[in-house]
Amino acid sequence: MQSRYRSVELAHQGDEDLGPLKLLPGVWKNGDSTRGRGWNMIALPFATEPGSRLNYRLLVNQFEETLQFTTVDKAVPNRGIERPNPASGDPTINTDQFVVTLDYQQSIAQLSAEDRPDSGLAGPADLAIHHEPGLFLHMTNLTTNDLNVARLGTVPHGDSLLGLGEASEIDGPPTIPVVDGLPEGATKDLNSGYLSPYKHYHDNPFNGVVTAPGFPGFDPVHPHLLLAAGIPNNVKKTTILPFNTALEDAGIVNIPFVVKQANAAVMDSIFWIMELDEPGIGGEPKLLMMYLQNVGLDFFPRFDGKPGLIRWPHVSINVMEKVAPPEEAAPYTVIPQV
């Protein structure tokens, strides 16, 4: 940190005060080379026909996204003191932590959507399906268990989250972790009638608006596969930013209706910022951002006799590119009503 005095200013790519967040400032979008690379799957409570044991629908979306990082708040002080054993005679000393925060604004609109059973509620193209303002934090000192980054997010459904993680940097491309898209606590047998929506999209992957021959489609049983297949072959370096609400004192807080009906219990997300061996904006290396996010939604009693509820994975993946510096960002992105 250059100063211990707090300042709020326009963020700039490469600012060393941002630490592992230094490549984020600017506007990220599904641009020309990454159009249509956003995919989402979520199971939702849904009243089906009398006698059906489903009572849920599986919704899949293809989407496009704008993610803006514009304002940095530097040297945010968290005050503390260290109090020694009085018998030692040692003085009390200040132990202040300093945090650098980078604000973000996320807006997502779907390109195409389907669900099973067909509810008639999947919605048309250009439908706004997500909006999230929040902050990425870099804890510059006095970290706990090496957790040096955090994500604070607020979602209009009535959810607030705090995810923690340890940032890292590697040479070359990332390795995408395997994700099991099937619910935990129900059954893993795709041929059981209960998982018929998942079997449908496993046998007939969702193509969205993609018509290219050979496109494998989005399979909600293995939702990570399209992300792993989309890693370019000229990645020089990757910054890894993980955020998990199950670590330390992190977590998610929801309004009562959400808790009662489909509780967002845990979130695990990873952002990979990839520097490519080709030019990007401002003469800097081209930057791609990939992310994999899995939110566990708890609803309906488990089948396996264990206490608690079934946990349904709500998985989103995307690949975006840096398209503009922070000074060209809009105050917010408007998605028109349809």
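Student: Which residues lie nearest the centre of the largest pocket?

Tutor: The general idea: rolling a probe the size of a water molecule over the atoms shows where empty space is left. Here the largest pocket has 38 lining residues, and Ile42, Leu44, His130, His157 and His314 lie nearest its centre. On a 1 Å grid over the protein atoms alone, a pocket is an open set of points with protein on both sides within 12 Å along at least five of seven lines, a cavity is a set where a 1.4 Å probe fits but cannot get out, and lining residues have an atom within 4 Å of a point. This is a predicted model, where local features need pLDDT of at least 70 and side-chain atom pairs count only at pLDDT 80 or more, while totals for chains, interfaces and linings use all residues. Residues are numbered from 1 along each chain as its sequence is written, and side-chain values use heavy atoms, without hydrogens and water.

Student: How much space lies in the largest pocket?

Tutor: About 950 Å³, a volume being the space filled by probe spheres set on the points, which are joined across faces, edges and corners.

Student: And which residues line the largest cavity?

Tutor: Leu67, Phe69, Tyr104, Gln106, Phe136, Arg151 and Phe271 do, around a volume of about 40 Å³.

Student: Why is strand S12 largely enclosed?

Tutor: Eight of its 10 residues (235–244) are buried, so the rest of the structure largely encloses S12. Buried means under 20% relative accessible area with a 1.4 Å probe, protein chains only, and strands are DSSP runs (E, at least two residues), numbered from the N terminus. S12 joins S14 (residues 263–279) through nine antiparallel bridges, with Thr239 partnered by Ile273 in S14.

Terms used: Buried < 20%, exposed > 50% of the residue type's maximum accessible area, 1.4 Å probe, protein only. Helix = DSSP H or I, 4+ residues; strand = E, 2+ residues; numbered from the N terminus. Pairing = 2+ DSSP bridges.
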